[in-house]
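This briefing goes through one protein model, topic by topic. Keep the sequence and the structure in view while reading.

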Amino acid sequence: MINEQTQPAVGPDSAVGRIRDEVLRRRRFLLTSHARPDGDSIGSQLAMAFALDALGKQVRIVNADAAPDHYQDFPGMDRIEIAERVTPDVDAVIVMECSDLGRSGVQGLEGQFLINIDHHAGNRLYGALNWHDESAAACGEMVFDLIRALDVPLSLEIATHIYLAILTDTGSFHHSNITPRTFDICRQAVEAGVNPAIMARRVFDSNSFGKLKLIGALLDSMVLLDEGRLAVLHMDDGMLEACNCTNNDTEGLINLPLTAREIQAVVFFKMGPDDVVRVSMRSKYDVDVRRVANEFGGGGHKNAAGFTVTGTLADLEPKICERLVAAIAEGLESRPTA
Ligand code: AMP
Ligand code: MN
């Protein structure tokens, strides 16, 4: 039973109601999410896939990149096809977690009947149907509403993926986008058989020894600015190779400096070939790193955002750090005390 306070509004004119109606009418679906998938993109897609199975629909999942290793044992992972281009022969494409279609990194989706489900600020509403809810802590919360609206029972597989989406996208219940609804959905997932201790261990405590070495190297080279309020991390392929790691091992590393009380924000520079730099940012409380990401053409959420730029670090780093120091000053003014 969903309690009344958190019962999603599923009127015929609501976005979720319109999506439900189209999903019920159509038969063959392709699901996708953003490139370099995270727990929310994996969880949202697979929860949706299992729900569509339950309705007797045909489902294909296509992603541009493979998910990090610690997600590989979750149910249904073997169903995800990795491709940069598809020629879909389906009745609808459900795009989750993508503020614009290009974020999927999968070519060939243009011109399809697109159902856009996303919680990132600045979604471009590129679908035939658009459901954009910035108040959702994870896209998985929205997928949960849709699955409920479709009257599909919460199987253990579906509950596992919804919980995975929420656990990871809230930064294991650290981010400021958590609401009573978040816990209500998690409660229902646990009632359906999800074991929170096992989920936390599988997602957060499954490092390789190489990754532990990488953590050491990364933190050893950490630079502190703004009297210790801003931590700056750098990584390149040489560092990964030296620790016997790949790009997939970098997930979660950015959160480590935030465990220091003084540190309010972290910026992580991952240098790639041809002067391409991936910039990831995380913050505490009201320090808004999304605004900084927006200024550089990226996006995300208040406490977790990112972008990719081309340029030299000598040029980029001071500009980005200057903006972050300003965001920290602004955020600290409105810091909650309880
Ligand atoms: P990351 O630092 O890559 O884990 O990303 C943190 C958050 O920022 C996620 O919600 C991403 O979807 C978002 N994000 C990262 N890069 C971009 C980008 N280039 N454009 C829009 N959103 C982004
Ligand atoms: Mn998300």
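In this predicted model, strand β4 is mostly covered, with five of its five residues buried.

**Strand β4 and its partners**

- Both faces of β4 are covered. On one side A92, I94 and M96 are buried, and on the other V93 and V95 are buried.
- Strand β1 (residues 28-32) pairs with β4 in the parallel sense, over four bridges. In this pairing T32 stands opposite V95.
- β4 also pairs with β5, in the parallel sense and over four bridges. Here V95 stands opposite N116 in β5.
- As background, the strands of a sheet pair through backbone hydrogen bonds, either parallel or antiparallel.

- D40 and H119 link distant parts of the chain, being 79 residues apart.
- D40 belongs to helix α2 (residues 39-54), whereas H119 is in the loop between β5 (114-118) and β6 (129-132).
- D40 is buried, with a relative accessible area of 0%. H119 is buried as well, with a value of 1%.

**A sheet of six strands**

- Six strands form an open sheet with mixed pairing, in the order β7-β8-β9-β10-β12-β11.
- β7 (223-225) and β11 (299-300) stand at the edges of this sheet. Each has a single partner strand, so one side of each is left without a neighbour in the sheet.
- Helix α7 (residues 209-220) packs on the sheet and touches β8 (230-235) and β9. The direction of α7 makes about 125° with that of β8.
- Within the sheet, β9 (residues 265-271) and β10 (residues 276-283) pair in the antiparallel sense over seven bridges. The bridge partner of K270 is R278, in β10.

**A covered helix**

- How many of the 11 residues of helix α3 (residues 139-149) are buried? The count is 10, and the helix is described as mostly covered.
- The buried residues of α3 include C139, M142, V143, F144, L146 and I147. E141 and D145 are also among them.
- α3 is followed by D151, whose phi is positive, near 65°.

**Salt bridges**

- A search of the whole structure finds 20 salt bridges. In general, side chains of opposite charge can pair when their charged atoms come close.
- D100 forms a salt bridge with R124, and their closest N and O atoms are 3.9 Å apart. D100 lies in the loop between β4 (92-96) and β5, and R124 in the loop between β5 and β6, so the pair ties together parts that are 24 residues apart in sequence.
- D100 is partly exposed, at 22% relative accessibility. R124 is exposed, at 60%.
- E191 forms a salt bridge with R187, with the closest N and O atoms 3.0 Å apart. Both residues lie in helix α5 (residues 180-191), four residues apart, which is about one turn of the helix.
- An α-helix has 3.6 residues a turn, so residues three or four places apart point the same way.
- E191 is exposed, with a relative accessible area of 60%, and R187 is partly exposed, with 32%.
- R229 and D226 meet through their side chains in a salt bridge, at 3.2 Å from N to O. R229 is partly exposed at 26%, and D226 is partly exposed at 22%.
- Salt bridges that share partners join E22, R25 and R26 into one network.

**Cysteines**

- The count of disulfides comes to zero.
- Is C186 buried or exposed? C186 is buried, at 6% relative accessibility. C245 is buried too, at 9%.

Terms used. Residues are numbered from 1 along each chain as its sequence is written. Chains are lettered from A and ligands numbered from 1 in the order in which they are written. This is a predicted model: local features need pLDDT of at least 70, side-chain atom pairs count only at pLDDT 80 or more; totals for chains, interfaces and linings use all residues. Side-chain values use heavy atoms; hydrogens and water are left out. Helices (H or I, at least four residues) and strands (E, at least two) are DSSP runs, numbered from the N terminus. Buried means under 20% relative accessible area, exposed over 50%, partly exposed in between (1.4 Å probe, protein chains only). Two strands pair if DSSP finds at least two bridges between them. Contact means heavy atoms within 4.5 Å. Axes are lines fitted to C-alpha atoms, for helices over the stretch in contact, and angles run from 0 to 180 degrees between N-to-C directions. A salt bridge is a side-chain nitrogen of Lys or Arg within 4 Å of a carboxyl oxygen of Asp or Glu. A disulfide is a pair of cysteine sulfur atoms within 2.5 Å.
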